[in-house]
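Here is a friendly walk through the charges of one protein model. Have the viewer open and follow along.

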Amino acid sequence: MRITLPERVDRIITILQNHGYEAYAVGGCVRDSILGRRPEDWDITTSAMPEETKALFHRTFDTGIEHGTVTVLMGDEGFEVTTYRIDGEYEDSRHPKEVMFTRNLKEDLLRRDFTINAMAYNEKDGLVDIFGGIRDIKDNVIRCVGNARERFSEDALRILRGVRFASQLGFRIEEGTRCGMEKLAHTLKKISAERIQAELVKIVMSDRPELLRDAYELGITGVFLPEFDRIMETDQETPHHMYSVGGHTLHAMKNVRADKVLRLTMLLHDMGKPALKTIDEEGVAHFKRHAEESQVIAKDVLKRLKFDNDTLNKVTRLVCFHDYRMPATAKNVRRAMNQIGEDLFPYYMEVRRADVLAQSMYRRDEKIKNLEEIEELYQEIVQANQCVALKDLAVSGKDLIGLGMKPGKEIGACLNKLLERVIEEPKYNEKEKLLKLASEWM
């Protein structure tokens, strides 16, 4: 099997080989090349000790030299070159207590997580595949290198990474690897929120976000996202739904494009349903005010997992309005744009459509027709540049002061009242008309 290495990667490997050292591209870049995917990074492993690597290149800096990693600069690019190593005992389910360098490639590959990530390649020797990575790629399998429980006890994050690789690549998780995940899922509590967040986002953004179901079944989500477990266990006895809350959530994620804000919104949009579920005398379930409760839970989850404020604010706002429904009139759409925000309104429309498509067929055509009419009205409002926010109002607080209004709360209240009139009737968004109205109210 031949892999086309980037010219600079091949040059680094060749320089190391010409000085008597072994060197290979290794890990994810080899896997992705075999799969026909474009690698994000090219990592190089070598028998050269860190100081020996540094002596061969003019421009280097120490990235993680205690773990054997040196970054070699070639032009405007940096490539991590890491010495073959054996990891010592792991004390925190994440980091080895010590690292020992070795001249043996097999020992280095043996410490890696999954067979598909434990392959090495150079032009001279071709593909080095000691643990059956090619076989598992052909069989679409995620399998640990060696004993699964040992690999996961070394680094608990590998448990979530396994689900992530399966979701990104469309692979299944081999049974022994699944057993190891289930046995050691509890050790994920030792992993930082930032690391969990990064893997969760990659799963949610993948082509198969529904693999969160596997994470639930293996006890993984119960460690860092117990709210997801609760929705997976909550049925929806209503004609509008054909799945449990969790099943609906997984379908809703698949129904929306792979945008982080949108996918997280669909993941979290119904988290409030379990706590608010009631059953009427006819056996029909109701979840009144669940959007508000879901917003509270979404905020807690996103804070707990250390998401940035921009993501938190957008997602929680969309969760709050995900069930906001309206008859398709221009006035209603302008008011919704004002309440939800002009920037988020297109996202809201995507959220609503994804939500409807994950429901039952009951009145679906009617719901979709409503959304299509709202979308058409929205486009007309945007094209006509109609005012839906204070920033576009034809008068300002300064204008009202010019009328004789005293600075203070009265100004804000008057501007909001004028905006309400403009939302009702866009033709009123003219300075003269608005000032006339304001003077009548004074």
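## A negative patch

On the surface, Glu40, Asp41, Asp43 and Glu80 come together as a patch of negative charge. Patches are built from residues with over 30% relative accessible area and no salt bridge, with like charges joined within 9 Å. Asp and Glu count as negative and Lys and Arg as positive, while His and the chain ends are not counted. The charge is placed at CG of Asp, CD of Glu, NZ of Lys or CZ of Arg.

Asp41 sits in the loop between α2 (28-35) and β2 (43-46). Its relative accessibility is 53%, so Asp41 counts as exposed; the classes are buried under 20%, exposed over 50% and partly exposed in between, with a 1.4 Å probe and protein chains only. The areas come from the Shrake-Rupley method.

## How the model is read

This is a predicted model, in which local features need pLDDT of at least 70 and side-chain atom pairs count only at pLDDT 80 or more, while totals for chains, interfaces and linings use all residues. Residues are numbered from 1 along each chain as its sequence is written, and side-chain values use heavy atoms, leaving out hydrogens and water.

## Overall build

The protein has 23 helices and 13 strands, taken as DSSP runs (H or I, at least four residues, for helices; E, at least two, for strands) and numbered from the N terminus. Of its 442 residues, 51% are buried.

Along the principal axes, the C-alpha atoms fill a box of roughly 90 × 60 × 40 Å.

## Salt bridges

How many salt bridges does the structure hold? There are 41, each a side-chain nitrogen of Lys or Arg within 4 Å of a carboxyl oxygen of Asp or Glu. One of them pairs Asp76 with Arg8, with the closest N and O atoms 3.1 Å apart. Asp76 lies in the loop between β4 (69-74) and β5 (77-83) and Arg8 in helix α1 (residues 7-18), so this pair ties together parts 68 residues apart in sequence. Asp76 is exposed at 70%, whereas Arg8 is partly exposed at 24%.

Glu199 and Arg164 also form a salt bridge, at 2.7 Å from N to O. This pair links helix α9 (residues 193-204) to helix α7 (residues 157-169), 35 residues apart. Glu199 is buried at 5%, and Arg164 is buried at 7%.

Technical notes. Patch = residues over 30% accessible without salt bridge, like charges linked within 9 Å, V, L, I, M, F, W, Y side chains within 5 Å. Areas by Shrake-Rupley, 256 points an atom, 1.4 Å probe, with all protein chains shown as cover.
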